[in-house]
Amino acid sequence: MKNYPPQFKVDAVALYQSRPEATIRQVAADLGINPETLRNWVRAAGASRPRGRRAEAPTEPPTALEAENTALRKKVRELAEEREILRKAAKYFAGETRW
């Protein structure tokens, strides 16, 4: 059984919470951990995501360009967050620093 540092666990839960469209399985695969491990961390942290429909829907649908820009910005944020978590994990497992 692997032993993960506390900061990695916190970062993994934060990543899961920041991606409402992603499942635990998807986030765990991105991080290279077992989905049940992530599920346990999420439960232990008491983390939850809003369920159901959003309260306010935009009155006009966004244009194709606005929708694409929004999707790309979101993807950039996700990738930057994942890269940061993986960079920290690589340093930790290489023995360079402690979390």
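Helices (H or I, at least four residues) and strands (E, at least two) are taken as DSSP runs, numbered from the N terminus. The model is predicted, with local features requiring pLDDT of at least 70 and side-chain atom pairs counted only at pLDDT 80 or more, while totals for chains, interfaces and linings use all residues. Residues are numbered from 1 along each chain as its sequence is written, and side-chain values use heavy atoms, leaving out hydrogens and water.

Arg19 lies in the loop between α1 (6–18) and α2 (24–31). With a relative accessibility of 7%, Arg19 is classed as buried (under 20% relative accessible area; exposed, over 50%; partly exposed, in between; 1.4 Å probe, protein chains only). Its side chain forms a polar contact with that of Asp30 at 2.7 Å (a pair of N or O atoms within 3.5 Å; within protein, one must be able to donate a hydrogen and the other to accept it, and residues adjacent in sequence count only if both atoms are side-chain atoms).

In α2, the buried residues are Ile24, Val27, Ala28 and Leu31. These residues lie on the same side of α2 because they cover an arc of only 100° around the axis, the arc being that of the directions from the helix axis to the C-beta atoms. Arg25 and Ala29, on the other side of α2, are exposed. The buried residues of α2 pack against α1, α3 and α4. Gly32, with a positive phi near 75°, follows α2.

Leaving aside neighbours within four places in sequence, Leu38 is in contact (heavy atoms within 4.5 Å) with Ala12, Val13, Ile24, Val27, Ala28 and Ile33.
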